[in-house]
Amino acid sequence: MLKMSLKTMLLAAVALTVGTGAASAGKLTIESWRNDDAAIWKDKIIPAFMAKHPGITVEFTPTAPKEYNAALNAKLAGGTAGDIITCRPFDASLELFNKGFLAGLNDLGSMKNFSDVAKSAWTTDDGKTTFCVPMGSVIHGFIYNKDIFAELKLTEPKTEEEFLATLEAIKKNGKYVPLVLGTNDQWEAATMGFQNIGPNYWKGEDGRKALIDGKGKLTDKAYVDTFAALAKWGPYMGDGYKAQTYPDSQNLFGLGKGAIYAAGSWDISTFRGQKVNMGAFKAPPPAGSKDCYISDHTDIGIGMNAKSANAADAKVFLDWIGSEEFAGIFANALPGFFPLSNSKVAISDDVAQTFVSWRGECKSTIRNSYQILSRGTPNLENEMWNVSAQVLNGAMKPEAAADQLEAGLQKWYKPHQ
Amino acid sequence: MSEVKIENLCKAYGPVEVLKNIDLTVEDGSFVVLVGPSGCGKSTLLRSIAGLEPITAGNISIGGRQVNDLPPAQRQIAMVFQSYALYPHKNVYDNMAFGLKFARTPKAEIDQRVSEAARILQLEHLLKRRPRELSGGQRQRVAIGRAIVRKPQVFLFDEPLSNLDAALRINTRVEIAKLHKLLKATIVYVTHDQVEAMTLADKIVVMNNGRVEQTGKPLDLYYNPANMFVAGFIGSPAMNFVAAKMTQKNQLDCGAGMKINLPLPPACKVGDKVTLGCRPEHIQFAAEGKIQLKGNVDILERLGEIGYAHVSLPNGQSIVAQITGDPKVGNGAPVSLALSPTHIHIFGEDGSVCSAAAR
Amino acid sequence: MNLRQQASAFAVHAVLLAYTALALAPIILVIMNSFKERKAIFGAPLQLPSPSTFSLIGYDKVFGDSAIASYYINSITVTGGTIFFTLLFGSMAAWALAEYKFRFNTFLAIFLAIGIMVPIRLGSVALIQLIAQLNLINTLTALILVYVAQNIPLAVFILSEFMGQIPKDLREAARCDGLSEYNIFFHIILPLLRPALATVAVFTMIPVWNDLWFPLLLAPARGKQTITLGIQQFLGQYITDWNSVLSALATAIIPVLILYVIFSRQLIRGLTSGAVK
Amino acid sequence: MATGSDAGLMGMSRASYLRLLGFFLAPAVIIYSVFSIYPLLATIFSSLYLRQIDGTYVFNGLGNFVTLLTDTTWSVSFWNAMKNNFVFFLIHMGVQNPIGIALAALLSLPQLKFRAAYRTLIFMPTMLSVVIIGFTWQLILSPLWGISKMLLQAVGMGAFFAPLLGQESTALITVSLISVWQFVGIPMILIYTALLAIPDELADAATVDGLTQFQTFFFVKLPLVIPAIGLVSVLTFVNNFNAFDLIYAMKGALAGPNFSSDIMGTLFYRTFFGNQLQLGDASMGSTIATMMFLIILLGVMVYLFVIQRRIQRYSF
């Protein structure tokens, strides 16, 4: 009897082990945080690739954005990550390269399709090695509901003053939430708020670079003014915005209950799915500005797991990602992600077209916390989320927010000490 | 031959000795009862015989074979536990057949042995029941049945009746006695109840504090206890003890002017402190008689034909006398007690008997 | 029953009913709304689905995700395997600790107890590396091993308590009956532990079935995902589509509730068996 | 034959006794040591190393602990998380356990109808995944869906609607109460079990003595279930200082607003695995994990050696 139960145990153990998914040749797995885009990868991008390269099977296995970094790091450390890794910009990916988790991609043929600026987010500090193929950038701005604007006889605001007047008008009417933005998840406060309107204050790249070399401080007037501008939004953000999550915001605007949505261009495809009649306007500059600036952020790249069992196939895939064909599919399947390659891509979505047209009107910059400044503790990006949310919540004065950011940076960053 | 022989057995838990130099022989076919107060070591002795407790020193042999290091199953013993220890998840048949199955006994033989045992114990109609569906007495019989089917050389019973109610206890006691006759089995039986010991045993072993106090036939122990412990333990109600001093030859002084004249054994000397023992059934209300004590009745317990009188003596001690019928005395009434001179026991200062008065 | 007693019985039921409602309302709300069309979810969330608002569109999406069957199979395999090995190994260890004397008995008991207090999650990174070295990444075996390790301490703890309640006589009777120590365990002790095993099974089942963390790290590959991970990823993907979100939540909740209702008697009996006199 | 040595069993050789022990103990001990103790030790070990800015690690002794407790970069977050964790724990002690006791008291009333149904249903939320519970409550409290607002309006308190999860003053309390809602079944069942163990004669005796049911509970039964309440308290402590999932599911790794719902578990997660641009720091993460381990250990010790010894136990 006893022997039998032992044997059963062993059999059970063996049966469980047999299910092991050994990596088979010609099969690639993509790690990504873009779970919103899963359907597009499965239905459009991957079939297009496999039509060209029938020998290679590709699978897209996204992780929710907030778990992505933790899960990816753990999986890479444990050797379980997929062959293809979607790259966050700057230090998060640089660290992966330094640890040997990401392969260098200098020899990739299609790398020549990208400018140095495009590659900067995924290149070592010395500029010698690029480890991810730039895939897309995102542009900040505001998306508005055309039907509501028509109903309330409003026009796109051109300046900050007009912007606040527009919000006030919507609020007076009372039917709609004037500005759709929540602070529960915090990151929208920093990204859709602070980084969206800020470049107009700190003069884009000039201000960003000054912060890095220590000539500019976060306590400078530009940053305090940005926070001060944010602080004025509170009264126009829907009932209970402090507990409003990002999906809540998306739904609020998607359901036509909100008039203006503080946006990233990637939201376009979400709202297309919900059939919103929408338009877009760029961050309205403050009174007296001559130039305008937009946040055109290199947001997403794609690289190769250095320990991939299918390195050859992975390179074939990455090379294709760098191609004009991919850029075209990507830009149109995912309006709101703008290809970074030099090839001219026609964008069919009119709202996406609006966003990308701002590149011609204004100067572009990337988010100022991403390069170098978030390497230490306390982490500048985390701090920005925190204080931006607090400023929007009315829990913190603009000056205090700026002070806290600068104090944090001074703790570890030499040029600010 | 299924004699159990125990020589010089010792058992200790660390520094605590629980069995001290036990020597005991259980003759083939005899019924030996180990009796004593709780904690005296009787159960430990039984479990040592069974092989459930390792021993520290000495020898145990069963049927002429030394079993010191054998596991219980190989000692050819069967044990009946106080709690019956029936397997709750098995029915009566399986409870009895369980050990045999593991001994790879052929199915037919198991069947035959179980039905034989069931017939003897009148369990035939209960074979399919689970233990929880049985009464206490029935469970007891199943536990015995489980022992019988093993055809052991020795049956070991560990207080098997103590979980039964009074009436059932008497019934089952008789059943066990009959069974012993029927099976001609060698039995070692542990109890703390001296009535069970007296009624069942061929030989009683009285234990106290890890030692054997006395071994003998029931009536030997009753009439000739070797010491005060045995004298007090055997018999119910217990023997009366009166402290006394030998003041002159053949005279005891019990204090408060109570003097008793009786022939004393030569071992006793003038000036010795002794204890006089006499069982209640050997004390009567009577004004005449050779040995007299006077006292006052505290209380009378009337049980029917007989009863017991608790009497306080002038020296402050209290003794119990058996009464017959209804003596019509009130509480507090003065009475005279007559002690049967042939049933008086004299114990020395160390508690061992000086000598029983000649019968 | 007099008036006063009736009044107090009424009050007791009122309190218990109110709390039961509080406990169930959120769950009912989710399940109820998962059967409604989008407009009705937002327009009248507190109404039952009516013929005009009834819709299964969310479930279409959830079950259209063809992998849902494999999520369930994986979860059942992992949970079942974990329960089986936790009970087997846990009861074996509890038996040895309770029954046999040996030098490291107390030490081992304390050693095993540490695991009750500390979540293995704190050691995730080392664990992943270990699993990778054993070549068990993306296998359900890895999950089972980790969960068994995680659940053994509590299993040993609970089973030891119950083991103590099995009368000593029973084991000794079995020894007299000639059973080997192995057979005493498998044929006497294990069957008698059944109520305790049920308790441990439930205590093991809940966190394992519901765990998100280790499936995410150790077996995230398609085809190896458990239902909780699958649903979580599904939620992430359709987060703005409340039909799908609510249906996915209901899909994750309902089987657990059904199992719970079936086994609740055993669970409560197991939990309260210490009190059975 | 001293106890505590490998005494062996009657008639069994030492070798086969060891084989017997091995057979029963080895599977559990090996799996547990390899997949639970080893990873934990590895974590404690790496708390002794310091992560350099270039991503390498150097040995730092107990330096990380000094940094964590004294350097304001870390200590502010640490003590904040610690304080919040205590609030989290105190809310469980002050709300969950009294409600659990009260429910258990009601459930243990003699001749209560539908006892099993109540017990089963009230325990139900405990069965569900924290991730799912967090998500569900977030939907319910969502200003978008507006259920909570609707309910408040229905009872004429619409003006009291507030974004409970979004305010610094209410976020932690709200999350704690959701956790209480989910786990109240556990103290309820444990206390209920203890109450069942009290002999009915005792309650009868109290009734004969003229106590009302309420008084009987307070003055007779409650003192007798204090050991169970002690157990519930230490379980609550251990679980609360291990908590992570619910806050992570509802408030994310930054546990906002302004870290007002940050507890040890979220601080550990954020530090160990990183966040958006924050890189994971295995050494400080391990340091926090080790601190969590020590706090839990300390709590359990206090319970075992101080509280449990003073609790009077009664056997019936």
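This is a predicted model: local features need pLDDT of at least 70, side-chain atom pairs count only at pLDDT 80 or more; totals for chains, interfaces and linings use all residues.
Student: Which chains share the most contacts?

Tutor: Two residues are in contact if their C-beta atoms, placed from the backbone, lie within 7 Å. Of the five pairs of chains in contact, chains C and D share the most contacts. Their contact draws on 64 residues of chain C and 59 residues of chain D. Helices supplying at least two residues each to the side of chain C that touches chain D include H1 (3-34), H4 (68-99) and H13 (242-272) of chain C. Helices (H or I, at least four residues) and strands (E, at least two) are DSSP runs, numbered from the N terminus.

Student: How is the side of chain C that touches chain D divided by class?

Tutor: The classes are set as follows: Ala, Val, Leu, Ile, Met, Phe, Trp, Tyr, Cys and Pro count as nonpolar, Asp, Glu, Lys and Arg as charged, and the others, Gly among them, as polar. On that side of chain C there are 50 nonpolar, 11 polar and three charged residues.

Student: How many residues does chain A bring to its contact with chain D?

Tutor: Chain A brings 43 residues, and chain D brings 29 residues. Helices H3 (65-78), H4 (91-98), H12 (246-254) and H17 (380-393) of chain A each give at least two residues to the side of chain A that touches chain D. The largest share, seven residues, is that of H17(A). By class, this side of chain A holds 12 nonpolar, 20 polar and 11 charged residues. Chain A and chain B, by contrast, do not touch, and their nearest C-alpha atoms are 11 Å apart.

Student: At what angle do H8(A) and H17(A) pack?

Tutor: Axes are lines fitted to C-alpha atoms, for helices over the stretch in contact, and angles run from 0 to 180 degrees between N-to-C directions. Angles under 35 degrees count as roughly parallel, over 145 as roughly antiparallel, 65 to 115 as roughly perpendicular and the rest as oblique. Helix H8 (residues 187-197) of chain A packs on H17(A) at about 80°, with the axes 7 Å apart. H8(A) is therefore roughly perpendicular to H17(A). Among the residues that meet are A:Trp187 and A:Phe194 in H8(A) and A:Met384 and A:Trp385 in H17(A). The residues of this contact comprise eight nonpolar, two polar and no charged.

Student: How do H4(C) and H10(C) cross?

Tutor: The axes of H4(C) and H10(C) come within 9 Å and cross at roughly 140°, so the two helices are oblique to each other.

Student: What is the strand order of the six-stranded sheet in chain B, and which strands stand at its edges?

Tutor: Two strands pair if DSSP finds at least two bridges between them. The open sheet of six strands in chain B has the order E6-E7-E8-E3-E9-E10, with mixed pairing. Strands E6 (77-80) and E10 (211-216) of chain B stand at the edges, each with a single partner strand, so one side of each is left without a neighbour in the sheet. The twist averages 20° from one strand to the next. Within this chain, E3 (residues 31-35) and E8 (residues 186-191) of chain B pair in the parallel sense over five bridges, and B:Leu34 stands opposite B:Val190 in E8(B).

Student: What is the pairing in the four-stranded sheet of chain B?

Tutor: The pairing is antiparallel, and the order of this open sheet is E2-E1-E4-E5 (chain B). Strand E4 (residues 57-62) of chain B and E5(B) are joined in the antiparallel sense over two bridges, and B:Arg65 in E5(B) is the bridge partner of B:Ile62.

Notes
Residues are numbered from 1 along each chain as its sequence is written. Chains are lettered from A and ligands numbered from 1 in the order in which they are written.
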